[in-house]
Amino acid sequence: MEKVLSDKSLDELRHSLAGTVILPADAEYNTARRGFNALVNRRPAVIARCVGADDVAVAFDFARAHQLEVAVRGGGHNPAGHCVCDGGLVIDLSRMRRVEVDAEARIARSDGGATWLDFDSATQAFRLVTPGGVVGSTGVVGLSLGGGIGHLTAQHGLTCDNIIGAELVTPDGSVIRASADENADLLWGLRGAGGNFGVVTRLEFRLHPLERVVGGRLLYSGAGVREALLRFRDVIARSPRNLSCQVSLAIDGSLVPNLEIVPCYTGPDADPEELQALRSAPGLVEDSVHAHTFLEQQRVIDTSYGENRHYWKGHFVREIPDELLDELLRRIVALGRPPGGIMIESLHGAPKDADAPPGAVGFRHAAFNVSILSVWQDSVLDAEQIGWARESALAVEPWSFSGGGYVNYMQADEPLERVRATFGAEAFDRLQRLKQQYDPHNILRRNQNIPPL
Ligand SMILES: Cc1cc2nc3c(=O)[nH]c(=O)nc-3n(C[C@H](O)[C@H](O)[C@H](O)COP(=O)(O)OP(=O)(O)OC[C@H]3O[C@@H](n4cnc5c(N)ncnc54)[C@H](O)[C@@H]3O)c2cc1C
């Protein structure tokens with residue numbers, strides 16, 4: 001439903017905003033409202049493309065004055081489509097992409113709308129890095145606030161473990177900071193609980209030196225897939241700190257299962273023992289693993305934007321015993337057509353550090369994140385594809401770590417209990433108090449929501 005806003009009020013918004021206002025009649029509108037997931041097709045009344053914290057405060061004021069629902073857009077990748085709302089106002093940060101690097105202090109400061117490609121390009125110019133996401137067009141802030149799992153998780157922890165400070169605009173228009181010395185409780189909440197407390201206009205990260213990685217992809221097909229999956233599990237069981245790894249199970253056009261392993265090794269060896277073990281598994285049909293730059297590694301998993309319909313659902317699991325592994329192989333065959341698949345991300349290594357910075361994130365002690373990714377194009381298949389994802393996630397549930405899922409991958413239909421289970425009752429209670437303090441009217445509710453107490 002399109003809300004009718006008077007020309008006068010829109011003119012006032014245009015004058016108050018240093019950035020731009022995009023309306024349904026504008027040529028840019030359809031591109032500006034498009035998100036990663038084509039299943040979500042919403043029409044906001046107005047898109048406020050902000051260029052700084054003052055603009056964000058102006059946008060909040062306008063939404064309040066006109067009783068508009070608010071959505072916040074960073075990189076536009078959230079599979080639930082939270083970055084866009086029907087008839088409301090989108091606070092669009094896509095022009096706020098600056099990333100400053102203080103190489104000496106090993107700190108990066110990212111604007112609220114920067115992508116990982118922006119971030120990694122800036123930090124890698126100094127051969128520095130923070131562990132981020134695996135797709136360059138994903139938003140830095142959106143990903144970090146939900147936890148953050150990627151190519152350097154085993155080495156340097158979750159992305160949110162590396163957040164050291166933030167600047168936010170809260171829904172009442174105040175600009176506040178969070179760090180170890182200032183609003184430390186808010187910093188704790190920002191490490192995992194998403195965009196519930198304010199629009200983050202700046203996020204500061206700790207950086208780590210990184211010269212090059214050994215990475216790429218290993219593809220297995222057919223009968224060897226089970227053994228390759230076992231090999232992956234057993235290599236990870238040794239918890240190699242200098243090897244992060246994620247895998248995707250899929251089927252090809254002939255419905256033959258295949259497995260893609262994407263390792264990222266940062267140790268001193270040219271041909272480490274763990275990679276030898278993976279390479280020697282049966283069924284290997286493609287091997288592109290070699291030494292390259294981290295920016296090249298960040299292009300290994302690339303994906304189209306806004307073209308496919310997506311429905312994702314999953315569980316953090318305590319372990320992957322043979323029964324679960326066989327269940328996953330059955331589920332991938334049951335999918336019945338490509339694309340889509342089952343992604344397994346390992347959480348070994350640094351996320352488990354006892355001295356990890358305190359944060360709301362509740363999954364660091366799980367072994368793996370198992371995500372069912374249903375991907376299709378034809379809307380006729382909606383029910384079938386969504387059904388497959390739900391049934392498959394149900395099949396994984398007996399091994400679930402906490403009953404919760406990964407807020408970064410959740411769809412909008414997850415019940416409150418599951419969001420609560422993701423954090424655990426105690427942390428959720430603390431998050432609700434924080435929400436009450438910073439967003440008592442739940443203006444920021446288009447997210448994996450934490451309702452105020
Ligand atoms: C192709 C793809 C690859 C991905 N890869 C990874 C990965 O490697 N690791 C991983 O952990 N996750 C990954 N994700 C999940 C991703 O981290 C989340 O979906 C995240 O929410 C995306 O952030 P965004 O800014 O791009 O999305 P948006 O849809 O723009 O934002 C999602 C939500 O994040 C919040 N948000 C975003 N920016 C701000 C801000 N500046 N201030 C306050 N709130 C904000 C808002 O609630 C917003 O609605 C991936 C998703 C996709 C589609």
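Residues are classed by relative accessible area: buried means under 20%, exposed over 50%, and partly exposed in between (1.4 Å probe, protein chains only). The model is predicted; local features need pLDDT of at least 70, side-chain atom pairs count only at pLDDT 80 or more, and totals for chains, interfaces and linings use all residues. Residues are numbered from 1 along each chain as its sequence is written, and side-chain values use heavy atoms, with hydrogens and water left out.

Arg127 is not a glycine, yet its phi is positive, about 55°. It is partly exposed, at 48% relative accessibility. Arg127 sits in the loop between helix 4 (116-124) and strand 7 (128-129). Helices (H or I, at least four residues) and strands (E, at least two) are DSSP runs, numbered from the N terminus. Leu255 also has a positive phi, near 65°. Its loop joins strand 14 (243-251) and strand 15 (257-265). Leu255 is partly exposed, with a relative accessible area of 40%. The peptide bond from Pro338 to Pro339 is cis, with omega near -5°.

The ligand is surrounded by 35 residues, each with a heavy atom within 4 Å of it. The closest are Gly74, Gly75, Gly76, Ile149 and Tyr406. Helix 5 (140-146) is among the elements that supply at least two shell residues. Helix 5 gives the largest share, 4 residues.

Polar contacts are pairs of N or O atoms within 3.5 Å. A backbone N or O atom of Val72 lies 3.1 Å from a ligand oxygen. A polar backbone atom of Ile149 is 2.6 Å from a ligand nitrogen. Taken alone, the ligand exposes 940 Å², of which the protein buries 96% (Shrake-Rupley method, 1.4 Å probe).

How values were computed. Polar contact = N/O pair within 3.5 Å; in protein donor to acceptor, adjacent residues only side chain to side chain.
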